[in-house]
Amino acid sequence: MATAFHTIAAARPRLPLAAFACLCPGPRPATRKLSLTSTAVSTIDSAPASSSDAKKTTTVFVAGSTGRTGKRVVEKLLERGFGVVAGTTDVGRARRSLPHDPNLQLVRADVMEGTDKLVDAIRGADAVVCATGFRRSFDPFAPWKVDNFGTVNLVEACRKAGVTRFILVSSILVNGAAMGQLLNPAYIVLNLFGLVLVAKLQAEKHIRSSGINYTIIRPGGLTEQPPTGNIVMEPEDTLYEGSISRQQVAEVAVEALLCREESSYKVVEIVTRAEAHNRPLKDLFASIKQS
């Protein structure tokens with residue numbers, strides 16, 4: 001399927017189909033707090049931060065923790081000293097694939113099972129990172145169950161549990177129709193899978209009207225390769241092509257937690273470009289206006 005996508009995309013946008021294969025459900029929080037010095041850079045390489053960037057580490061619930069992007073979010077959070085609650089539909093799989101770390105707690109959580117069960121999983125967390133995404137199946141409603149209703153369930157669970165910070169990994173082109181990209185091959189092909197981009201857009205709208213402090217991150221085509229360029233960050237409904245390493249998406253998600261003032265109530269779109277200047281993520285977030 002990826003091959004077919006690349007053939008179509010060659011006509012214009014280069015947005016690998018794998019880009020929108022996010023992840024699944026989420027974990028339960030550890031109560032321990034740590035201290036951390038934040039570093040914000042536009043590549044994955046870290047540089048020492050000034051004392052003014054020091055942040056208090058929070059406990060973060062990651063939904064979709066065993067997915068290809070969610071796993072990297074968990075790893076990056078642990079590297080930065082966060083306590084992590086990894087939500088998963090398969091605890092055994094999570095135990096095998098995620099790092100063995102005293103600051104990591106595994107919790108069975110399924111975003112499709114409703115709000116009440118999720119409340120128990122996320123209670124005690126300071127923030128939630130949602131990196132879920134439907135898996136291809138014979139169920140034509142899977143994208144809506146996961147990428148729309150599942151995300152809405154998670155947001156409502158946050159409201160009930162008193163979690164006030166929400167980071168969503170979404171996708172560029174979710175609002176392709178309003179951008180005049182209805183004929184963009186990537187927009188057409190991806191929406192063949194149960195209108196997944198439309199489902200994601202509806203979930204974004206719910207987040208923005210919920211009152212929760214959010215950052216919505218819309219990456220371009222997701223790649224498994226190490227970073228090959230510097231991050232370009234643009235306002236919503238700007239980018240319609242381009243790709244980015246999952247590793248860099250995880251870095252942006254974690255940095256959004258550290259740079260709360262600069263990233264709150266914002267929708268950002270990210271890709272990488274070899275010719276782009278290497279700018280601190282904190283500065284990139286600050287350059288985007290609030291939604």
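This is a predicted model: local features need pLDDT of at least 70, side-chain atom pairs count only at pLDDT 80 or more; totals for chains, interfaces and linings use all residues.

The protein chain has 10 helices and 12 strands. It runs to 291 residues, and buried ones make up 57% of them. Its accessible surface is about 12000 Å², with 52% of that belonging to carbon and sulfur atoms. And if you take contacts between residues at least 6 apart in sequence, 75% of them join residues at least 24 apart.

Okay, helix α4, residues 115-122. Its buried residues are T115, L118, V119, A121 and I122. Looking down the axis of α4, they fall within an arc of 165°, so they line one face of the helix. There's a handy rule behind that kind of pattern: an α-helix has 3.6 residues a turn, so residues three or four places apart point the same way. On the face of α4 turned away from the buried side you'll find the exposed residues D116 and K117. What covers the buried side? The cover includes strands β3, β4, β5 and β6, plus helix α5. Just past the end of α4, G124 has a positive phi of about 100°. Also in this stretch, D120 makes a salt bridge with R123, with 3.4 Å between the closest N and O atoms. D120 is partly exposed at 42%, and R123 is partly exposed at 44%.

Next, the aromatics. How many aromatic pairs does a search of the whole structure find? Two. In one, the rings of W144 and F149 have centres 6.4 Å apart and planes at 50°, so that pair counts as tilted. W144 is partly exposed at 21% relative accessibility, and F149 is partly exposed too, at 48%. The other pair is Y214 with Y265, and it's edge-to-face, 5.5 Å centre to centre with 85° between the planes. Y214 sits in strand β8 and Y265 in the loop between α9 and β12, so this pair ties together parts that are 51 residues apart in sequence. Y214 is buried, at 4%, while Y265 is partly exposed, at 31%.

On to charges. The structure holds 18 salt bridges. Take E251 and K76, whose side chains meet at 3.4 Å, N to O. E251 is in helix α8 and K76 in helix α2, so the pair ties together parts 175 residues apart in sequence. Are these two buried or exposed? E251 is buried at 0%, and K76 is buried at 8%. Then there's R218 with E269, where the closest N and O atoms are 3.0 Å apart. That one links strand β8 to strand β12, across 51 residues. Both R218 and E269 are buried. Back with K76 and E251: through shared partners, salt bridges join them with E79, R80 and E255 into one network.

Last stop, S263, which is in helix α9. With a relative accessible area of 0%, S263 is buried. Its side chain makes a 2.8 Å polar contact with the side chain of R165, and also reaches the backbone oxygen of C259 at 2.8 Å. Leaving out residues up to four places away in sequence, S263 touches R165, Y214, T215, A256 and F285.

Terms used. Residues are numbered from 1 along each chain as its sequence is written. Side-chain values use heavy atoms; hydrogens and water are left out. Helices (H or I, at least four residues) and strands (E, at least two) are DSSP runs, numbered from the N terminus. Buried means under 20% relative accessible area, exposed over 50%, partly exposed in between (1.4 Å probe, protein chains only). A polar contact is a pair of N or O atoms within 3.5 Å; within protein, one must be able to donate a hydrogen and the other to accept it, and residues adjacent in sequence count only if both atoms are side-chain atoms. Contact means heavy atoms within 4.5 Å. The arc is that of the directions from the helix axis to the C-beta atoms. Accessible areas come from the Shrake-Rupley method with a 1.4 Å probe; for residues, only the protein chains shown count as cover. Rings of Phe, Tyr and Trp (its six-membered ring) pair if their centres lie within 6.5 Å; planes under 30 degrees apart count as stacked, over 60 as edge-to-face and the rest as tilted. A salt bridge is a side-chain nitrogen of Lys or Arg within 4 Å of a carboxyl oxygen of Asp or Glu.
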